[in-house]
Amino acid sequence: MPRSPTLRRYAISLVYLGVFLACWLLRAVDLPLYLALTAIPDGVRKAVPFVDLGAILQAGACWRQGVNVYLPSACLGGGVYNYAPLLLRAAYLPIGPADTALGGVLLALGFCAALARLPVPASRGELRLRLAATVSTTSFYALEQGNLDAAIFIAAALALPWLLLGPRRRFGAYAVFLLAAGAKFYPAALLFLALRERLKLFLALVALSGGAAALYLLRFGHATATAIRIVPSSTPFRATFGQIDLPRGFNWLHILTATRLNQFFGAHVFSSGAQVVALASWLLCGGALGWSLWLARRYAGWEKTIDPARLVFLLGGAALLVLCFFAAQNVYYRAIFLLFTLPGLYALAARLPRLFLPAIVLLLWEAPVRALLGVLSPALQTGFWLLREALWWWVIIHLAALLLAFAYTALQRLYGALREIDARAGKP
């Protein structure tokens, strides 16, 4: 392990920069092999890199020309724009589809730099763990697609350490979180970290966030609802994660269907597979929440056992992943936020299940395992899919338990501060 603190801070960034340059060189010298590698996560060979970023820039150019990008159009090649309407305002900037390659390279370089914002590895074991997670196919997938999740990762990695500084920097961090939420919705989960603040600042943040959300919905409410409604849904067996994948997969495998369940009940209870999937999803989420509440007692006071930098990254990454898992089906590159959780989880290793950290690394590397087993045997691939889904539920339940344990302590502190104010004012 490098002895210099500076070198230790940048070690993971430098390694990943080397990986990125190696992939770029491979694309230049052996394009067929590179295209085969790009197909590992989702089965699609990408003739050009950074397709997600290119699609957003193209949508901005179409919107600037007056095209309704939320409807299929020739300008978008028959496709639609399903991101937040706020992003379209970036079309006023002097950028367009021709800047896709430059933007994608800047995203990749920004990702490498953002890795240095994470807490410095404290041991060789932690360095090896985080290197294994960082150079995973999940990170490659996010950057090769040029997906905006990489930009959210960069913005959050920049802003989270500000929460350890003075009030102005902390307000700046929450402003970044709100701006990111306006661009991609789910970063609103980062506002969970407001529970760390003193009562006055917490109440101010609640008021400001509520006001910002109201103004956003007043200005972009209809377009936001349209964007959410047309978000595409994918097969649960490829590059996705989320609570809907397990019941939907069982339905697609004809294990959990309306016909089978109606035969079990001896009556026509369910009218469609979608109804079965929705009910199974609610039951699974309820069971997971109950398990997390039970586990939260085990993790009581955990936030006092790790340093503040690891704490804010763990809380931020856990909040993002838990919200995304329960709210929607997510494309697999969003799992890059597991990288935020690893420094804190490594410090908590003694309180976690023994295989918890290896499970996270496996989830970040699941794509090549899934692809290999698919070549060998569809049955093996299905079995691995079941393992993958079980691991996701297991990881999310424990992350949710950590959040609940922290929230309980924080709310007690805030309530105590409120009671103290009431006592000073002479209120009973």
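**Figure 1. The lining of the largest cavity draws on α1 and α7.** Helices α1 (5-29) and α7 (137-145) each supply at least two residues of this lining. Helices (H or I, at least four residues) and strands (E, at least two) are DSSP runs, numbered from the N terminus. The model is predicted: local features need pLDDT of at least 70, side-chain atom pairs count only at pLDDT 80 or more, and totals for chains, interfaces and linings use all residues. Residues are numbered from 1 along each chain as its sequence is written, and side-chain values use heavy atoms, with hydrogens and water left out. α1 provides the largest share of the lining, 6 residues. The lining consists of Y16, V19, F20, C23, W24, R27, Y34, P49, F50, F140, L143 and E144. By class, 10 are nonpolar, none polar and 2 charged. Ala, Val, Leu, Ile, Met, Phe, Trp, Tyr, Cys and Pro count as nonpolar, Asp, Glu, Lys and Arg as charged, and the others, Gly among them, as polar. The cavity holds about 140 Å³ of space. On a 1 Å grid over the protein atoms alone, a cavity is a set of points where a 1.4 Å probe fits but cannot get out; a pocket is an open set with protein on both sides within 12 Å along at least five of seven lines; lining residues have an atom within 4 Å of a point. Grid points are joined across faces, edges and corners, and a volume is the space filled by probe spheres set on the points.

**Figure 2. The second largest cavity has a volume of about 50 Å³.** I12, L115, L118, R130, T134, L339 and L342 line this cavity. Two or more of the lining residues come from each of α6 (124-134) and α15 (338-347). The classes are 5 nonpolar, 1 polar and 1 charged.

**Figure 3. Helices α11 (residues 245-252) and α18 (residues 378-424) pack at about 155°.** Their axes lie 10 Å apart. Axes are lines fitted to C-alpha atoms, for helices over the stretch in contact, and angles run from 0 to 180 degrees between N-to-C directions. The angle therefore makes α11 roughly antiparallel to α18. Angles under 35 degrees count as roughly parallel, over 145 as roughly antiparallel, 65 to 115 as roughly perpendicular and the rest as oblique. From α11, D245, L246, G249 and F250 make the contact with W385, L386, R388, E389 and W393 of α18. Contact means heavy atoms within 4.5 Å.

**Figure 4. Helices α14 (residues 308-327) and α15 cross at roughly 130°.** Their axes come within 7 Å. R310, F313, L314, G317, A318 and L321 in α14 meet L338, F340, T341, P343, G344, L345 and A347 in α15. The contact has 9 nonpolar, 3 polar and 1 charged residues.

**Figure 5. The largest pocket contains about 1,300 Å³ of space.** Its lining has 43 residues; N82, V231, P232, V331 and Y333 lie nearest the centre. α3 (51-64), α7, α9 (167-184), α14 and β2 (330-331) each give two or more residues. α3 gives the most, with 6 residues.

**Figure 6. The second largest pocket contains about 720 Å³ of space.** Of its 28 lining residues, L53, L87, A90, L148 and A151 are closest to the centre. α3 gives the most to this lining too, with 6 residues. The lining has 23 nonpolar, 3 polar and 2 charged residues.
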